[in-house]
Every structure is written in structure tokens, then in C-alpha cells.
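This report takes up the strand pairing and the ligand surroundings of the model shown here.

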Amino acid sequence: MAAEVGEKWVLSVTAQTPTNIAVIKYWGKRDEELILPINDSISVTLDPGHLCTTTSVAVSPAFTHDRIWLNGKEVSLSGGRFQNCFRELRSRATDFEDENRGIKITKKDWEKLHVHIVSYNNFPTAAGLASSAAGLACLVFSLAKLMNVKEDHSKLSAIARQGSGSACRSLYGGFVKWIMGKEDNGSDSIAVQLADEKHWDDLVIIIAVVSSKQKETSSTSGMRDTVETSALIKHRAKEVVPKRIKEMEEAIAKRDFPSFARLACADIHRHEFLRNQGSPPRLDYKDNSQVAYTFDAGPNAVLISKDRKTAALLLQRLLFQFPPQSDTDLNSYVIGDKTILKDAGIEDLKDIEALAPPPEIKENPSTQRYRGDVSYFICTRPGRGPVVLADESQSLINPETGLPK
Ligand code: DP6
């Protein structure tokens, strides 16, 4: 899309990129600059219809320097991670021509031209909901389209990785593996798709957002502390994860929910133990698991149900246990795929108050209800990878001024 600014033009691209939740975690780097991990990881991409980043990028000879606005605020682009992504993308940019508008950009021009980036998350930034994953993946994907970079998604994933590790997995939909790679230059540390979102579309994911505040410790410093202080993390990376990755790949290929749940839960327990240096709990896994759970980088719980029926029962239990404050609007308390709420038989707040205690709670009359402890719930499912939004009305950049709309 291009428009004239006086005699100058503005050329822009808008893209939407999903977030992802790891079921076998990335925790620990072997190279902080290139963001190379110490183990492979596997994630599920979440439906961008519910959680996503939208980014518009524009180039114009009228722009005097690179600028970025995140969620309505201009922020600095001087950080090494942004700069590394820019350098990688500019070196792969190719010639672009729009004869109708009289726009011609050669490969060399991209080194001198500046870009404007405007990005929005439709969910809380840095609350642990992998906003950096969706954000950096979207930045790299949209700039790659603008700059006519001809590399495939796995090459782009290696660039997004340099912005934030988990971002490399957001270049694909469905079920994604980040291969740690062996090369010192990181060229083989890329994401690959294990299966697309249609492969296992029974899964329902419910996220309990307990805090929309920014998390206190960044993943980067948390990982650094663990790698420096924990001998066990080396054991996890070398001995535990490789076996678990193989088993998880098999569980996904076969849609084997009990194994999927056992592996995801085991991984988060080991992971939380390493982060907190506490004692790992002993867990007894049952073969009839209906729900898997994990956490992202923040305190929010992510519950993955085996199908819609289980998800509706789970949501009833969650709403019984964590009812909203009385002044809450149900529409903003359960967001995303609201059909699960319907399946759970809940149409308004009165239905939540009228929920009968689930049988397992009835036997324990001392069980409390934790009103207001959860800010809101998001119901979602596995979703697709990044897409370009061709409809100009969805652009976040004013085509006349090149500034945020
Ligand atoms: C717990 O990708 O946010 O979510 O590479 O330093 O930017 P940086 O970290 P980031 O870490 C994510 C950690 C995690 C696990 C995971 O997503 O695999």
C-alpha cells in the first residue's frame, strides 16, 4: 500500500501474529547475544482471533530515523535485540517496485531508508502472556514483507529468535518445535512446525489471568540467574529434556492426550523448581488426565483441556472457585471463545453465583471461594501462524503522514 506525502510516498504493510505457550519450556541460554538456548522446546500456537499482536510497518524517504510505537507509546529502538533484527532483515532486503505509484526501492536503498513501526497487543503486555513472542515475531514478519525478504518462515524464525527466544515459535501455527541447534552463529537454531492447528483442534485452552501487571523479573534475568546458580539446569537440558521432547513429539503426532498432559505437567514442575530452587513436588500421574496445566513466564495459569466437553466442566469449576467481584461484567470476565461459557450453561453473573459445588469440593466443606483472585479468563484453542492483513482499514499507520493513526 502506498500513498504520496507531498512528493514523497509512504509504503506500508500490516500483519497479525499469534502468541504461543510452551509445553516443553525454553529456560536457559548458551549465548545471550544471539539468544541460543540450552535445550529444544515445544509450544502450542494460540488462536490469534483471541490473543495476537497487530503490527504496521512503513517506509518513506520522508522518514528521518527508525521509530516504534508499542501500545500507543513511542519507545526506544536502541536496544541490541531490535538492532540485531534490523541488521539481519536489512541485509536480506531485496528490490521492490510498484509501477503504478512510481515507487522503486533497490536492495541498496534499504540500508538508508528508515521505517516506522506501530504495534498493538490485544492482551496485557509483559504479564507473562508471551507478548514479547507475538510482538517480536510480528515485527520481523511484517518488516520482512515490507522489505521483500524472500526467506522462508524457518529463516525468519532465526531472526525473530534474536529479538526474543520464544518469538521464533510464533512464526508458525499449530504445534511448533524450536530446535536449539549446534552452530555458534545460531544459523541452525530455528523453529519448525510439527503439525498445523487443524491436526488437533479438539484442544481448548483456558488461561487464568491473575495479574495484568508487568512481571517482576524478566525471563532474561530469571534464566541467567538459574543458569549461573543451578547445577540441575544442566542435567535438565542434557538428560531430561531431549527424552521429553521426543515423547512430546510422539504424543502430538498421535493426539495422545494423557501423554501430552503428563509431559507438559512434568516439565512445568521441573521448570518451576529450577526457577524457585525449592523442592520438586512428587506427582502421581493418572492415565485418564483430562486437563494439562502449565504457566508462562508470569503467574498466569494455562489449562489445556482435551476437548470442549471437558473445557465446559473445567470452566464451571474455575468460575465456582474464582467468582468475579459483583461489579464485574461477565463479558469482560471470560473473553476469547465465549461458546465454552455457553456450553458451561453460564449466561450471566447469576448463573455463576448459582453454580453448585463440584462433587470433589462438596466432600470438603472448608473449601473457600476465591472471589476476585483471577482478573479474567481467556478461552482459546490452537491457532494459525502470521498473516498479512491486506485490508487497508486495518493498518495502524496513517498513509498520509506515516505516523500512528
Ligand atoms: C518461560 O522468550 O521471553 O516462557 O529469550 O530472554 O526474550 P528471552 O525470553 P523469553 O522466555 C520465555 C520463557 C518461557 C518458556 C518458553 O516460552 O519456552
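Strand S16 and strand S17 (residues 301–305) are paired in the antiparallel sense, with five bridges between them. Within this pairing, Val 291 has Ser 305 in S17 as its bridge partner. The model that shows this is predicted.

S16 and S17 belong to an open sheet of five strands, ordered S16-S17-S15-S19-S18, and the pairing in this sheet is mixed. Strand S16 (291–295) and strand S18 (334–336) are the edge strands, and each of them pairs on one side only. From one strand to the next, the twist averages 25 degrees.

A further open sheet has four strands in the order S3-S6-S13-S14, with antiparallel pairing. Its edges are taken by strand S3 (20–24) and strand S14 (191–195); each has a single partner strand, so one side of each is left without a neighbour in the sheet. Neighbouring strands of this sheet are turned against each other by 35 degrees on average, direction ignored. Inside the order, strand S6 (residues 41–45) pairs with strand S13 (residues 175–178) in the antiparallel sense over four bridges. Val 44 has Phe 175 in S13 as its bridge partner. In general, the strands of a sheet pair through backbone hydrogen bonds, in either a parallel or an antiparallel sense.

The next topic is the ligand. Which domains give residues to the shell around the ligand? Both domain 1 (2–197 + 388–394) and domain 2 (204–380) do, so the ligand lies between them. The ligand is surrounded by 18 residues, and the closest are Tyr 26, Lys 29, Ser 164, Ser 166 and Arg 169. By class, six residues of the shell are nonpolar, seven are polar and five are charged. Helix H5 (residues 219–229) supplies the largest share of the shell, three residues.

How values were computed. Residues are numbered from 1 along each chain as its sequence is written. This is a predicted model: local features need pLDDT of at least 70, side-chain atom pairs count only at pLDDT 80 or more; totals for chains, interfaces and linings use all residues. Side-chain values use heavy atoms; hydrogens and water are left out. A residue is near a molecule or strand if one of its heavy atoms lies within 4 Å of it. Helices (H or I, at least four residues) and strands (E, at least two) are DSSP runs, numbered from the N terminus. Ala, Val, Leu, Ile, Met, Phe, Trp, Tyr, Cys and Pro count as nonpolar, Asp, Glu, Lys and Arg as charged, and the others, Gly among them, as polar. Domain bounds come from an automatic or database domain assignment. Two strands pair if DSSP finds at least two bridges between them. Axes are lines fitted to C-alpha atoms, for helices over the stretch in contact, and angles run from 0 to 180 degrees between N-to-C directions.
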